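Let's take a walk through a protein model together. Have a look at the picture and keep it handy as you read.

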Amino acid sequence: MSSEMLPACIETSNVEEKQDLSETQEEGQKPRLDEGLEPLSKRQMKKLIKQKQWEEQRELRKQKRKEKRKRKKLERQCQLESNSDGNDRKRIRRHGVHSTLRLIIDCSFDDLMVLKDIKKLHKQIQRCYAENRRALHPVQFYLTSHGGQLKKNMDENDKGWVNWKDINIKAEHYSELIKKEDLVYLTSDSPNILKELDESKAYVIGGLVDHNHHKGFTYKQASDYGIEHAQLPLGNFVKMNSRKVLAVNHVFEIILEYLETRDWQEAFFTILPQRKGAIPADSACESSSRDKQSPAQGGMDSDSSEGEHNRNEPEAPQNEETQNKENSSKPAVSPLP
């Protein structure tokens with residue numbers, strides 16, 4: 001072997017020795033690292049087991065979701081095909097007879113409401129639309145002065161409103177669309193009581209959610225426009241614990257119910273929520289008359305004013321009287337001899 005070949009062999013052997021040394025060092029360090037790791041706690045072990053089970057059951061969950069979707073689809077198909085249910089909405093709409101009565105929600109109070117009330121009005125309008133779609137006698141539904149905050153809220157939260165059917169949504173004021181002599185504004189502040197619905201008229205409901213902050217506003221507006229106004233005959237049939245002001249959708253639904261039954265009392269008690277504490281007005285009158293006619297028992301008034309008067313009297317004379325009564329009731333005892 002030549003002298004030139006020796007250094008190359010030596011360098012190669014040195015490189016191999018270094019690689020072997022580094023590998024042995026790494027192998028030697030691994031156990032030390034493993035030895036330095038803390039053992040897993042029971043909670044960590046459980047977590048790892050659960051994670052492993054979750055991964056293993058992925059396909060099973062996927063299969064269950066598919067089966068659930070198929071089951072729901074079959075249920076919907078069966079429900080659509082079945083005509084035995086009397087509450088089937090599509091069947092009701094097909095056999096419904098459209099009324100010529102026009103019912104308008106006046107949305108010209110946009111600047112009087114905060115966003116919270118605008119959202120409430122939007123929900124009430126949605127309810128009116130849904131109830132009119134499945135009513136036996138749907139009305140000619142108008143939404144007028146549509147714009148501002150209400151339109152913006154509907155665009156953001158209910159984009160499907162542009163596809164609504166059987167409704168006239170107009171940016172114009174109702175006075176620009178319908179003749180003045182055909183208009184009747186429904187407001188609880190009106191002195192006129194509505195007895196019957198004239199289906200040739202257009203009844204206006206104020207789209208105002210104000211929590212009584214603008215009392216009498218719709219009545220004033222109707223008077224200023226010179227149009228007829230009236231209130232529903234609520235007081236003739238119903239006695240309520242709360243005020244007579246109703247939500248937009250309640251007025252709308254009461255009119256739909258009256259068109260079906262032609263009975264105001266039935267319409268009121270079908271639609272009014274239980275929280276209003278509504279009772280028939282005739283039964284309320286009878287109970288109040290019985291209370292007045294019934295005589296007070298024992299000569300005592302049922303009012304607590306007498307008791308209050310007694311509490312305000314000085315107590316000393318009363319104590320003296322009771323002591324005298326006690327002394328008089330005690331038997332006389334003769335002294336012992």
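Start with the ring-shaped side chains: this structure holds eight aromatic pairs. Rings of Phe, Tyr and Trp (its six-membered ring) count as a pair if their centres lie within 6.5 Å, and planes under 30 degrees apart are called stacked, over 60 edge-to-face, and the rest tilted. One of the pairs is made by tyrosine 174 and tyrosine 185, which sit edge-to-face at 6.0 Å centre to centre, with 65 degrees between the planes. Tyrosine 174 belongs to helix α7 (residues 174-177) and tyrosine 185 to strand β4 (residues 183-186), so this pair ties together parts that are 11 residues apart in sequence. Helices (H or I, at least four residues) and strands (E, at least two) are DSSP runs, numbered from the N terminus.

Before going on, a quick word on the ground rules. This is a predicted model, where local features need pLDDT of at least 70 and side-chain atom pairs count only at pLDDT 80 or more, while totals for chains, interfaces and linings use all residues. Residues are numbered from 1 along each chain as its sequence is written, and side-chain values use heavy atoms, leaving out hydrogens and water.

Are those two tyrosines buried or exposed? Tyrosine 174 is buried, with a relative accessible area of 0%, and tyrosine 185 is buried too, at 0%. Here, buried means under 20% relative accessible area, exposed means over 50%, and partly exposed is in between (1.4 Å probe, protein chains only).

Tyrosine 174 also forms an edge-to-face pair with tyrosine 225, at 6.2 Å centre to centre and 70 degrees between the planes. Since tyrosine 174 lies in helix α7 and tyrosine 225 in helix α8 (residues 217-225), the pair ties together parts that are 51 residues apart in sequence. Tyrosine 225 is partly exposed, with a relative accessible area of 35%. Elsewhere, Phe237, Tyr258, Trp264 and Phe268 form one aromatic cluster.

Now find helix α5 (residues 115-133). Its 19 residues reach 27 Å from the first C-alpha to the last, close to the 27 Å expected at 1.5 Å a residue; that expected span is 1.5 Å times one less than the number of residues. Its buried residues include Ile118, Leu121, Ile125 and Tyr129. What do the buried residues of α5 pack against? They pack against β1 (102-106), β2 (140-144), α6 (148-157) and α10 (248-261).

Finally, step back. The protein chain has 14 helices and eight strands, and buried residues make up 29% of its 337 residues.

Notes: Contact = heavy atoms within 4.5 Å.
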